[in-house]
Number of protein chains: 2
Amino acid sequence: MEQYQWIEGGICAPQGFSAAGVHCGIRHNHSKLDLGLIKADVRCAGAACYTTNKVYGAPITVDRQHLADGYAQAIVVNSGNANTCAPNGVQLAQDVCKLTAQALGIAAEDVLPASTGVIGQAMELTPFEAGVPAAAAKLAATPAGSHDAATAIMTTDTHPKEAAVELVLDGKPCRIGAIAKGSGMIHPNMATMLLFMTTDAAVSPEVLQQALSGVVPATFNQISVDGDTSTNDTVLLLASGHAGNTPLQPGTPDYDTFVAGLTAIAERLCRELAGDGEGATKLLECIVTGAPDLLTARAVSKSVIHSTLFKAAMFGEDANWGRVLCAIGYTPGDFSIDHVSVRLKSAAGEVFVCENAAYHPYSEEEAAKVLKEPEIQILVDLGAGDATAKAWGCDLTYDYVKINGDYRT
Amino acid sequence: MEQYQWIEGGICAPQGFSAAGVHCGIRHNHSKLDLGLIKADVRCAGAACYTTNKVYGAPITVDRQHLADGYAQAIVVNSGNANTCAPNGVQLAQDVCKLTAQALGIAAEDVLPASTGVIGQAMELTPFEAGVPAAAAKLAATPAGSHDAATAIMTTDTHPKEAAVELVLDGKPCRIGAIAKGSGMIHPNMATMLLFMTTDAAVSPEVLQQALSGVVPATFNQISVDGDTSTNDTVLLLASGHAGNTPLQPGTPDYDTFVAGLTAIAERLCRELAGDGEGATKLLECIVTGAPDLLTARAVSKSVIHSTLFKAAMFGEDANWGRVLCAIGYTPGDFSIDHVSVRLKSAAGEVFVCENAAYHPYSEEEAAKVLKEPEIQILVDLGAGDATAKAWGCDLTYDYVKINGDYRT
């Protein structure tokens with residue numbers, strides 16, 4: 001039996017969390033929600049991971065300040081403008097926190113801001129002045145607004161992304177919920193990846209950060225749509241403690257169960273983010289086995305789903321496995337490629353295309369059938385150890401070029 | 001005055017070298033030359049640089065063996081098949097060397113093989129059995145066949161690439177000539193970059209290698225079409241010594257003159273390779289100044305021209321400088337971005353788009369005019385030191401996706 005089960009409710013599934021999304025005018029299209037709000041009924045233990053880009057959004061500066069004490073109570077997020085390389089960005093993010101604090105009746109230092117959209121354009125406070133109170137009112141009236149919040153953070157995404165699981169900790173039911181967005185500039189990327197998670201588990205800020213920091217390298221850091229690491233990537237996780245379990249401690253079965261739940265949500269959202277990559281027609285999942293060590297397994301799997309040439313071949317439904325070998329070969333690190341095997345798999349079957357780094361006889365007809373499917377697995381066995389890893393990407397299509405050749409207009 | 005002047009003749013410009021190209025049947029299109037031959041009339045000092053991909057072409061294994069003594073006399077190269085991850089690849093490359101040695105009356109150990117094309121398909125010796133003698137006969141009859149040899153190595157390239165300079169060493173006229181190919185899988189990349197150079201300078205193998213190894217990191221390693229490092233990248237340089245100069249020694253003005261000539265040819269071919277990138281409509285040249293050190297300058301310039309999002313924006317003629325900042329920011333290394341400025345320049349003018357990592361007011365109309373041109377310079381000043389570097393790339397277009405979605409058919 002799995003340690004967790006999938007449930008509905010998204011980011012509002014755990015006890016204590018409400019959410020809403022409204023249109024406040026940052027985006028010109030009036031039918032597009034552009035401001036999301038997530039609120040906890042108590043101060044929560046908080047954990048976060050941010051982009052490693054040296055150019056980073058002003059909200060990230062403020063998040064670091066506001067999470068310095070380990071606690072937070074609300075997240076306020078807009079799409080349509082990344083508030084990055086923009087004049088007075090930090091001041092503006094702080095002002096948005098103040099507006100949010102006033103509207104929710106909490107402290108400004110307990111509000112975490114986030115932004116996604118175009119880089120380098122000035123953002124105005126005006127839309128927030130009306131939008132934040134409107135979002136707060138909507139949240140009070142209809143608290144279970146996970147879907148609207150998930151919709152408000154979309155940029156080039158084609159659909160909102162939510163997930164939630166229930167697990168048992170210390171004999172008590174406990175939930176983890178999440179919403180995410182990200183479609184281009186994903187390597188975990190102009191749009192940006194944003195992920196917000198909530199849980200009602202009881203857990204200290206330090207342990208929560210440890211759990212999150214353990215899950216992110218194996219999941220979100222293993223997605224690539226275009227190789228461009230965003231300036232605004234942010235993962236935020238808030239824990240209300242309402243589940244009433246004994247606070248989680250590393251090394252216990254309950255901690256492992258919690259991490260399994262976090263990982264399950266993270267992997268599911270990775271598949272959704274990659275599959276909804278800008279212009280994508282196919283989700284690519286590369287599963288590496290037989291690697292000498294974990295870092296090599298992760299690097300090889302990410303290298304394959306990141307290869308521009310291989311991504312274009314997948315769009316063309318061409319079993320061009322030489323491009324898989326090429327991408328494996330330029331992965332940094334010192335490992336042998338002599339025993340590499342490659343299989344391509346989908347709902348339509350599996351073809352064995354490469355054995356010991358050389359051609360393995362297969363039917364092009366069979367391969368074409370496998371590659372017609374919308375989800376393709378690339379199974380790489382390095383034959384050099386026990387380590388495994390997964391990475392998620394998508395094909396490179398005419399629509400990616402179209403979307404990004406003309407993003408601002 | 002420049003230390004060199006541009007001349008005609010390509011790889012046959014230096015004294016002692018002849019070349020030819022023929023169709024031998026590796027490629028199905030009968031009008032496409034697919035076998036090139038370059039011959040020196042004496043054994044030459046030789047130098048080489050190869051791909052760093054752990055998966056590499058069988059010809060590279062043989063080149064390493066045949067250049068172990070520092071000398072070679074001929075290069076035999078085919079397009080249409082990379083002889084990589086192919087059964088019996090090394091044996092086949094050796095057999096092609098034997099055929100070439102017989103046809104030219106030289107030692108098989110003095111022949112350097114090279115291949116470019118699809119990875120992972122078996123290559124047959126049959127086409128070479130008739131093709132190599134035919135190329136040798138053509139070379140004897142019309143020795144100045146640089147253009148045919150340059151044409152024979154093309155894959156998705158749209159035009160052959162040749163260059164030659166004349167310089168004066170030790171009071172004596174000396175020449176350097178080259179041919180190159182490469183259009184996709186360029187970081188320095190399915191097709192592959194191949195570059196062959198000849199010179200009549202007198203120089204030992206060790207000094208020749210030192211000169212080549214100094215030039216490659218600043219030139220060919222600074223090109224990117226798609227971020228995929230080829231399995232077959234090869235640069236070969238042969239020196240006949242016919243110029244009669246005192247053999248070159250590092251630290252002398254003549255050595256510097258020779259390196260300046262090599263660099264000039266390398267930069268020119270870098271521009272041609274990047275500008276002829278698969279599907280490209282624009283050449284992008286990123287010039288970084290004010291970097292704290294050379295490696296940072298190189299990494300930043302390469303990061304910009306490698307950004308998928310920025311390349312798509314250039315196709316769209318969109319001055320989306322936020323994507324330049326994003327690519328600068330995720331460049332590995334520890335450097336400050338606080339004083340970054342960015343200018344976009346072409347034959348139509350220059351626009352100053354970013355100052356101190358933030359928006360600098362400019363006219364979108366003016367920017368659109370600048371970006372309409374086929375060659376765009378991205379001028380990045382890091383404001384943090386004296387180091388400079390250049391990198392070359394191209395825009396990402398619908399045609400790139402088309403070419404690579406269906407390369408094998």
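What percentage of the 409 residues of chain A count as buried? In this predicted model, the share of chain A that counts as buried is 64%. The secondary structure of chain A comprises eleven helices and 16 strands. The C-alpha trace of this chain spans about 65 × 55 × 35 Å along its principal axes.

In soluble globular proteins, nonpolar side chains tend to be buried together. The largest nonpolar core of the model contains 296 residues. Within this core, the residues with the most contacts are A:Ala178, A:Leu325, B:Ala178 and B:Leu325. When residues up to four places away in sequence are left out, A:Leu325 touches A:Val340, A:Cys354 and A:Ala357 in chain A, and B:Val55, B:Cys85, B:Ile119 and B:Gly120 in chain B.

Two packed helices are described by the angle between their axes and the distance between the axes. Helix H11 of chain A (residues 398–405) packs with helix H8 of chain B (residues 308–315) at an angle of about 75°, the axes being 7 Å apart. H11(A) is therefore roughly perpendicular to H8(B). On the side of H11(A), the contact is made by A:Val401, A:Asn404 and A:Gly405; H8(B) contributes B:Leu309, B:Ala312, B:Ala313 and B:Phe315. Sorted by class, the residues in the contact of H11(A) with H8(B) are five nonpolar and two polar, with no charged residues.

Note on methods
Residues numbered from 1 in each chain as written. Chains lettered and ligands numbered in written order. Predicted model: local features only at pLDDT ≥ 70, side-chain atom pairs only at ≥ 80, totals over all residues. Core = buried A, V, L, I, M, F, W, Y, C linked by C-beta atoms within 7 Å. Buried ≥ 20, exposed ≤ 12 C-beta atoms within 10 Å, placed from the backbone. Contact = placed C-beta atoms within 7 Å. Axes fitted to C-alpha atoms, helices over the stretch in contact; angles between N-to-C directions. Helix = DSSP H or I, 4+ residues; strand = E, 2+ residues; numbered from the N terminus. Parallel < 35°, antiparallel > 145°, perpendicular 65-115°, else oblique. Nonpolar A, V, L, I, M, F, W, Y, C, P; charged D, E, K, R; others polar.
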